[in-house]
Amino acid sequence: MSKATLQRRPLVKKILDGADDDLLVIAGLGSANWDITAAGDRPLNMPLWGAMGAPVAMGLGLAMAQPKKRVLVITGDGDMLMSLGALATVATQQPENLAIVVLDNEKFGETGNQATHTSPRNNGPTDSGAGTDLAMIARGCGIADSATVREAGEVAQLVKDARTKKGPVFRLVKVMVEKLEFVMPPQDGAHLKDRFRQALLGHA
Amino acid sequence: MNAVATIDWHDQIFDILQDHDIKQVYHVPDAGHGKLIEACQKSNSIRTVPLTTEEEGIPLAAGAWLGGQRSVLLMQSSGVGNTINLMGLTKTLRFPFLTLITMRGDYGEFNSWQYPMGQGTPKVLEAMGVLLYSVDNAAEVKATVDAAARSAFNGGQAVAVLLRQKLIGIKNFGKK
């Protein structure tokens with residue numbers, strides 16, 4: 001059973017605190033999308049409403065195109081499990097401006113909190129996973145700076161690492177299972193893309 | 001040997017990618033695209049990214065476009081099926097997308113395992129709203145890829161160029 005004590009909403013709010021034009025954020029579908037939006041919707045957020053498995057590769061393409069900006073990918077364990085190979089692809093490029101933060105509550109939140117593979121083994125007939133360690137996978141893929149965050153006392157360092165540490169940085173954050181309000185950004189993908197480019201490039 | 005057979009269409013595609021200011025090239029290993037991939041890897045103006053699966057190429061292209069750069073995905077028809085779900089991003093976000101696809105399971109293919117995805121490739125791409133260009137003649141590669149790049153980057157479309165097996169040559173593993 002998950003013994004996580006960290007709450008995702010205040011944590012994401014701290015990570016994004018004081019976000020300026022140099023911070024480009026991509027969030028995976030579902031909870032991570034609502035989390036970054038709860039911290040304050042902004043044009044340089046790209047919150048995904050679908051495209052499961054896309055955020056890490058999208059963050060890499062963006063990080064390579066904008067090497068002087070900080071690119072932060074925030075997503076969940078279910079989304080990350082769908083695109084493990086993207087971590088190896090990130091490692092081939094070693095983007096110094098890319099940080100990936102995976103909020104791991106060991107559940108598929110969008111479909112009713114079924115266990116993901118990061119849930120422990122032998123956790124009952126309906127709630128067992130494999131104890132999959134995504135930070136170890138990221139390190140094994142070639143992202144040397146990969147670590148797991150579990151305690152409130154580690155959050156300040158997590159924020160610094162996500163915002164400023166030389167990348168690629170991978171942080172797995174064990175968070176509680178919570179029922180939270182949906183805080184939704186605009187849904188239209190073309191609008192989200194255009195406002196992002198307008199803010200970043202001055203034209204859509 | 002006639003004049004057409006001496007056209008180096010790989011070099012021509014490389015030139016067109018440069019003409020259209022392509023900065024990121026995503027690929028899996030591929031004999032058909034091999035010479036083009038090597039030219040891109042040696043280029044100072046293009047960044048090449050090897051993928052673990054073709055699917056990664058779609059969000060990579062979306063991310064590059066968000067950041068103001070143009071890209072292209074090089075793959076075989078056998079990889080097209082891996083991209084289909086995320087190919088929907090090209091419609092949802094409406095961003096320019098270009099992929100060049102070397103066909104298998106096409107003209108004279110010897111490997112029966114290549115036929116299902118090869119024959120399905122045009123249909124599934126069409127189903128996802130991707131605009132198709134097809135070329136089986138070396139003399140038309142340059143103009144076709146150029147037109148496809150214009151449709152993508154000027155016209156804002158998701159575009160695939162099918163480089164037919166008749167163009168690439170039949171892979172026969174020593175069989176006659």
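The largest nonpolar core of this predicted model has 107 residues, and Ile74(A) and Val101(A) have the most contacts inside it. A nonpolar core here is a set of buried Ala, Val, Leu, Ile, Met, Phe, Trp, Tyr and Cys residues joined through C-beta atoms within 7 Å. A residue is buried if 20 or more other C-beta atoms lie within 10 Å of its own, exposed if 12 or fewer, and partly exposed in between, with C-beta atoms placed from the backbone. The largest share of this core, eight residues, comes from H3(A). Helices (H or I, at least four residues) and strands (E, at least two) are DSSP runs, numbered from the N terminus.

Residues are numbered from 1 along each chain as its sequence is written, while chains are lettered from A and ligands numbered from 1 in the order in which they are written. As the model is predicted, local features need pLDDT of at least 70 and side-chain atom pairs count only at pLDDT 80 or more, whereas totals for chains, interfaces and linings use all residues.

What does Ile74(A) touch, not counting residues up to four places away in sequence? Its partners are Val12(A), Val25(A), Ala27(A), Ala32(A), Asp35(A), Ile36(A), Val101(A) and Leu103(A). Two residues are in contact if their C-beta atoms, placed from the backbone, lie within 7 Å.

Among these partners, Ala32(A), Asp35(A) and Ile36(A) are also buried residues of H2(A). This helix, residues 31-38 of chain A, is mostly covered, with seven of its eight residues buried. The buried set also includes Ser31(A), Asn33(A), Trp34(A) and Ala38(A). Against the buried residues of H2(A) pack helix H1 (8-16), strand E1 (23-27), strand E2 (45-47), strand E3 (70-76) and E4 of chain A. After H2(A) comes Gly40(A), with a positive phi near 125°.

Some backbone details of chain A come next. Most residues other than glycine have a negative phi, and most peptide bonds are trans. Glu106(A), which is not a glycine, has a positive phi near 65°. Glu106(A) sits in the loop between strand E4 (98-104) and strand E5 (107-108) of chain A, and is buried, with 25 other C-beta atoms within 10 Å. Asn122(A) also has a positive phi, near 55°, and belongs to the loop between strand E6 (114-115) and helix H6 (134-141) of chain A. Is Asn122(A) buried or exposed? Asn122(A) is exposed, with 8 other C-beta atoms within 10 Å. Gly167(A) and Pro168(A) are joined by a cis peptide bond, with omega about 0°. Pro168(A) is in the loop between helix H7 (155-164) and strand E8 (169-174) of chain A.

The contact between the chains takes 25 residues from chain A and 25 residues from chain B. On the side of chain A that touches chain B, the elements giving two or more residues are helix H3 (55-65), helix H5 (84-93) and helix H8 (189-201) of chain A. H3(A) gives the largest share of that side, eight residues. By class, the side of chain A that touches chain B has 14 nonpolar, nine polar and two charged residues. Ala, Val, Leu, Ile, Met, Phe, Trp, Tyr, Cys and Pro count as nonpolar, Asp, Glu, Lys and Arg as charged, and the others, Gly among them, as polar.

Chain B has eight helices and six strands, arranged from the N terminus on as α-β-α-β-α-β-α-α-β-α-β-α-β-α. Of its 176 residues, 45% count as buried.

The six strands of chain B form an open sheet in the order E2-E1-E3-E4-E6-E5, with parallel pairing. Two strands pair if DSSP finds at least two bridges between them. Strand E2 (47-50) and strand E5 (131-135) of chain B are the edge strands, each pairing on one side only. Strand E4 (residues 97-102) and strand E6 (residues 158-163) of chain B pair in the parallel sense over six bridges. Val159(B) in E6(B) is the bridge partner of Leu98(B).

In helix H4 (residues 77-87) of chain B, the buried residues are Ser77(B), Ser78(B), Gly79(B), Val80(B), Thr83(B), Leu86(B) and Met87(B). The buried residues of H4(B) pack against H3, E3, helix H5 (89-94), E4 and helix H6 (115-127) of chain B.
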